[in-house]
Amino acid sequence: MPYSGELANKASHFDIVKNPDVADFLQACDYLTIPSDKEGEKIAEHFLKVPPLFNIAMPGSIIAFDGSRHESSINDRLPSTKVGYIKVSSILIKLEEFDALKVGHYVDPFKVAKLQDNTTSLTITVPSANIRWQGKETVRDGFRSAVDQYFYGEKTRFKADDPNTSLRTTLFHLAHRRPGSMGTISPNFLKINKCPACGTGPVEVENKPDQQRCPHCQAEIYPTDSLRLWEEISDYQSNLTVITRLMLVVEHLMSMHYIRYLADNDALDTLSQTAFFLDGPLSIFGPSAWLHLAIMRFLAQINARLAKKNLQQLLIMGLQKTGQVYDHVQLIDRYVEPNHIFPITDEYRYQYIFAGRDPAGNGFGFETYYGQDFIYKTNSGRTFILGLPYPFATKLPAGIDFIQAKVDVRRYKELPRVLALINHFETDLYENAVVPIALANKYTAISLVPGGRVLDILTRKGLGYR
Ligand SMILES: [Zn+2]
C-alpha cells in the first residue's frame, strides 16, 4: 500500500466544516482535537527512554512483505463488470549485501534497486461484479473457487510438486490450532463455520486435492471457505473491500507460510536468523479475524521450539505508514524526544487516538490484533509505528491481566533486536520507512496510474476486449 500519507482534498474539507448545518452537527459530536502544547508535553511523558543498544546480534536475512490490489472494469461501456487483482511481494534482503551498499547513513538508490533480484511476487486474479468464472453460478462461487485454486496452486508452493508446501496447507496448520470447538486434532483437517450453499455448519474438510462436498447438501466446498471472505462478496457491486481483505490475509499468511516451511524443514537455525517485516498492523479484520488467534498460538509454538534449541526467538514486525495511529503520531511527534519508545496502552489509545471505547471491554483489538503497537522515535529523530507479536499464546493467559501485560516492555525479549534493526535500516532514502518495506512496496505497488492502467488494458485483452 502507498506509504506517504495521502491527504484528501483539503479545500472541500474546509468548505464542509464551514457549512452552518455541519457546524451545528459537530457541536453535538465527540471527536479528537489537535493537542495543545501543554497536552503534547503530557503525552510525551508516556514515552520511555531506550537503554543503549550494545552488542545486539542482528539477523542475517530480512524478508519483507507488501501487497497491492486493484479492481478494474473490463470495458468502459461495462463499468459494473469487474475483475480484481492482488499482488503480494516478498523481498529477501541479506544483511551482508545490504551493508555493502551503505556508506554511513547513505544508501545508493541505484544499488538498492538491484536488491529487487530477490523479489518474488504472487498475483491473484479474482472474479468481481458481473463475472462468472469457470461456469460457476454466481460471482461468489467463482471467487471461492479462484481463491482456493490460488492457495493450493503451484505458485504458492515452496516445491512445485509438493502440495504440502502450498499456502493452503499452511492455512490448515493455522486453522487446526484455532481455540475451542473450531480447532481440529490434526492439521490434516480444518473446519468451515458453515457451508456457503446450505448454511449448515461447521463442516470439516480434509487437506487433499480432490473436490470436497458439503455432507448436507452436496455442494462444492473449499478449505479456503474457512476464511469466510465469500460472505461479503456481492454479485453486482464492487468487491474492493473483500479484495483488500484477501490481500491482507495473504500478506499475513505468507509470513506464516515461510515460518512454517523453515520450521518443518529442519531450518530452525535459519528461522532464528531471519526477520520478517510486514506492512501494517499485526491484525486481521473482517470475517477472517479468527486467524489472529491461530497465528498467536502458532507463533508461540514455534518460539517454544526455538527456545528448546537455545535459538533466538522469532523476529516479526509490522510497520504502519497510514491509519489513525499514524495520524496521531504526526500531531505529537514534535513533543517526543529521540531515542524514546511507547507501547500504546488502551487507556492512551482511547483518550488520544480513538474517540470512543471498545464496547466489549476486553481491551483494544481483542477480536483482531495479534501484536502490540509501539511508537518509536530513533536517535536520528525518525518516528516509526511498529507492531510486535504479543508474547502470549492466547488473549486469556492464566493468571495474567492481558491488558496490562501486553504493554509491559520487559515481556518483549526481542525488542532490543527490533530497535537495532530499525536503526540499521532507517535511511534518508525513504521518509520514515525502513528499506525492506520500502522496497517491497516499490515492487508491489499497482499504482492507479500508470500501472493500474496497464492492468486495465491487460484485463480487456484477457477477456477478448481491446
Ligand atoms: Zn451444504
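Two strands pair if DSSP finds at least two bridges between them. Helices (H or I, at least four residues) and strands (E, at least two) are themselves DSSP runs, numbered from the N terminus. What you're looking at is a predicted model, where local features need pLDDT of at least 70 and side-chain atom pairs count only at pLDDT 80 or more, while totals for chains, interfaces and linings use all residues. Residues are numbered from 1 along each chain as its sequence is written.

**The big picture**

- The protein has 16 helices and 15 strands.
- Of its 466 residues, 39% are buried; a residue is buried if 20 or more other C-beta atoms lie within 10 Å of its own, exposed if 12 or fewer, and partly exposed in between, with C-beta atoms placed from the backbone.
- Take the contacts between residues at least 6 apart in sequence: 68% of them join residues at least 24 apart. Two residues are in contact if their C-beta atoms, placed from the backbone, lie within 7 Å.

**Strand 15 and its partners**

- Strand 15 (residues 383–389) is largely enclosed by the rest of the structure, because six of its seven residues are buried.
- Strand 14 (residues 371–377) pairs with strand 15 in the antiparallel sense, over seven bridges. Within that pairing, Q372 has L388 as its bridge partner.
- L319 has L386 of strand 15 as its bridge partner.

**Strands 7 and 8**

- Strand 7 and strand 8 run antiparallel and are joined by four bridges. F189 sits opposite E206 in strand 8.
- Strand 8 has two faces: V203 and V205 are on the covered one, while E204 and E206 are on the uncovered one.
- The loop between strand 7 (189–192) and strand 8 (203–206) holds P202. A cis peptide bond links G201 to P202, with omega about 0 degrees.

- Helix 8 (residues 240–264) has 25 residues and spans 35 Å from its first C-alpha to its last, close to the 36 Å expected at 1.5 Å a residue. The expected span is 1.5 Å times one less than the number of residues in the helix.
- Just after helix 8 comes D266, with a positive phi of about 60 degrees.
- Two packed helices are described by the angle between their axes and the distance between the axes.
- For helix 7 (residues 167–175) and helix 8, the axes come within 9 Å and cross at roughly 90 degrees. That makes helix 7 roughly perpendicular to helix 8.
- On those terms: axes are lines fitted to C-alpha atoms, for helices over the stretch in contact, and angles run from 0 to 180 degrees between N-to-C directions. Angles under 35 degrees count as roughly parallel, over 145 as roughly antiparallel, 65 to 115 as roughly perpendicular and the rest as oblique.
- Who touches whom? L167, T170, L171, H173 and L174 in helix 7 meet L253, M256, H257 and R260 in helix 8.
- By class, this contact of helix 7 with helix 8 has five nonpolar, three polar and one charged residues. Ala, Val, Leu, Ile, Met, Phe, Trp, Tyr, Cys and Pro count as nonpolar, Asp, Glu, Lys and Arg as charged, and the others, Gly among them, as polar.

**Positions to click on**

- G84 lies in strand 3 (residues 82–94) and is buried, with 26 other C-beta atoms within 10 Å.
- Beyond its neighbours within four places in sequence, G84 is in contact with R69, E71, V126, S128, N239 and I243. The C-alpha atoms of G84 and P127 are 6.2 Å apart, although 43 residues separate them along the chain.
- F54 is in the loop between strand 1 (48–49) and strand 2 (61–73). F54 counts as exposed because 7 other C-beta atoms lie within 10 Å.
- F54 and A420 are 9.0 Å apart, C-alpha to C-alpha, and 366 residues apart in sequence.

**Two asparagines with positive phi**

- N130, in the loop between strand 6 (119–127) and helix 6 (139–152), has phi near 65 degrees, a positive value in a residue other than glycine. N130 counts as partly exposed, with 17 C-beta neighbours inside 10 Å.
- N339, in the loop between helix 11 (324–332) and strand 13 (340–343), has a positive phi near 60 degrees. N339 counts as buried, with 20 C-beta neighbours inside 10 Å.
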